[in-house]
Every structure is written in structure tokens, then in C-alpha cells.
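Thank you all for coming; today I would like to walk through the pairing of charged side chains in one structure.

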Amino acid sequence: MIRVLKILVVLGLLWSAWWYGAGYMMRRSIANWFDAQQEHGWQADYAAMSTSGYPLHLITALDNPALADPATGIAWQADWLHLQSPAIWPGWLSLQFPASPQRLSWLDRTAVIAAQDMHADLHLAPGLGLELERMALQSGPLSVRREDGTLFTAQTIAMTMVQTDRPEVYDIDLDAAGVIAGPLLRDDPVSNSTLPETFGSLAVTMRVGFDRPWDRRALEERRPQPAAIDLSLAQIEWGPLQVKAAGNVTVDEQGFPDGQVTLKAVNWRDMLVLARESGALSPRSAAASEQVLSMLSGIGGKGDALDATLALRNGKVYFGLLPLGPAPRLILR
């Protein structure tokens, strides 16, 4: 019995040494990363850092973290951020976000995000590169607003990103439930009717091949860029407004897509008005889009229904041989 107790004491001491050592290394790695970003010209700071969770977990708490990348104009700050992992392997990491407001800025715009039970689970491959094998982002009730009003709220949002047998290729799924657009979008100036508060569906399923796997370089250097996109389905249903898209494209080094996308839309004229009234499209762009879509709906649809296959090549969008306008550039900043 005494021998068993001695063995347990020794094992306990060894485990305690491991836990404190792993906690120290985690704090040291985080501090070094923040220092490295400051050397690259970022704003990267926090008020305090501590570790808890003994004996089974490592929970590293950052108070008042703030990050800002001057090259892209993107900045984020929050009251705190918790990084939790099993003590035996820090590569299974869970990021816990606060229920208090988070601020996300890009260029001269700022959005305030308030989310309940928002967390991201990361499975990272062993090694210094910390290659991403799987990510799952989930949130309970969430709202996103700007100074001029609420953009949208949602009951739940879930996104997964899973590495395939090719390290640079990921399966990505996005599903949002109980999405409610802000008051500005809910007023339908065309029909003088009120759209339903809640979206019927908002989902995306696709496989994306990047120019390299997602790993620690995605934060330290640059984001991996999409090279090929297999869009199985993108779907939005909001009362009488419905849009579905599917297609396959490759993306060149300048971010221009090449391939085909099938687009199906119902009541697209109302969608244009909503986009114009919300500021997503300028009046000039909305008018030009309406002329093009009117032609497409006359050829491949009926009135307010649009069913067309669009080709993307040479930096432009084509319907058959007819150029419709510039293609979007797919670049992750």
C-alpha cells in the first residue's frame, strides 16, 4: 500500500511539473507571438495573462486583447479571450469569446458583435507549423450592429472547416438559424408589404482548395488564398425572396475566378431595391444590374424569376458570349 502511494505521489509530482511547464510554454508562446506582431507593425497587446484549469486543462486567459493589422485595416478587440486545451495536448484548442461586445473594424467602419456562448474549436496537427486539421465555430444568440443600426441578429450560427486528404483543401459548411435582418432591410418599398422577420434558410456548402494549408503563417505572414472553389450550394430564402447558386471555379494569382456558376433567383427585382436602400449597391450600380438581370430573366427565366448559367473568365462575367461586367476578386485580406 505504501509503495502504491509513493508511485501515486511521484506520478502526481510529474504531472504537476508537466502541467506547470505546459502552462508556462503556452504563455510564453502567446507573449512571443504578440511581440512578433508588434515588430511587424501591428497593434497587438493585452492587459494581463494568466493560466488555470489544473489538473486536466490549460485555460489561458487574456484580458483586454486588441489586434490591428495596418496592412488590411482590420482590427478586433474584446474584454477577454480564453484559450482552453487538454493539458496532455495543447493542439486541441478551444477559444471562448465574451458575451460582452466585441468590436471588429475594417478601414473606416466598425461593427459591434454581441454573442452568447461563442466559441471556436481548433484541432491543430502536431509540429511547429500548427497546421489546421479542423475548425468548428459556433455561437448562440448573436447580434451585429453599426452606428447607424442593427445589421442582423441570429439565434445560432455554425461553421465547420475540415481538412481533406489533400492538406490545402478544406470542406466548409455554414449554417445560420433564426437570422433576422435589421429594420432597414425589412421595409419593402416595392410592394409596401413587410417581409418576414426571420430568414427561412441561410446555408453554404463548398470545398475550397487554397494555395497552401492553413497554419500559423496565416496570422504571422498572409492568409492562404483560394485557388479552386467547388460550390455545392449557397442558399438564401427570405419570404418571397429566394436565391440559390452552385458552380465550380478556379482562381488565379490576382484573385479572378474562372469557371461557371448557376444562379437561380425568385423576385430578384425586390432584392435589387433592398440592396439599393440598404446601401449595398449605389443607385447607379443598381440600375445597371437591373438592366442586365432583366435581359437574363427574359432569356432564362420568367419575369421576376431568373435561371441562368454565368461564365467567369478573363476578369469578367459572361452570359454566353455577352459580357455582363467585371468579375469579383476573391482575395482574403
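This is a predicted model: local features need pLDDT of at least 70, side-chain atom pairs count only at pLDDT 80 or more; totals for chains, interfaces and linings use all residues.

**Salt bridges in the model**

Let me start with Arg 223, which forms a salt bridge with Asp 69, the closest N and O atoms lying 3.5 Å apart; by salt bridge I mean a side-chain nitrogen of Lys or Arg within 4 Å of a carboxyl oxygen of Asp or Glu. This pair links distant parts of the chain, since Arg 223 sits in the loop between α3 (217-220) and β20 (226-238) while Asp 69 belongs to strand β4 (residues 66-69), 154 residues apart. Helices (H or I, at least four residues) and strands (E, at least two) are DSSP runs, numbered from the N terminus. Both Arg 223 and Asp 69 are buried, where buried means under 20% relative accessible area, exposed over 50%, and partly exposed in between (1.4 Å probe, protein chains only).

Residues are numbered from 1 along each chain as its sequence is written, and side-chain values use heavy atoms, with hydrogens and water left out.

A second salt bridge joins Asp 211 and Arg 222, at 3.0 Å from N to O. Asp 211, at 41% relative accessible area, is partly exposed, and Arg 222, at 36%, is partly exposed too.

Arg 212 and Glu 221 also form a salt bridge, with their closest N and O atoms 3.8 Å apart; here Arg 212 is buried at 11%, but Glu 221 is exposed at 54%.

Searching the whole structure gives 6 salt bridges.
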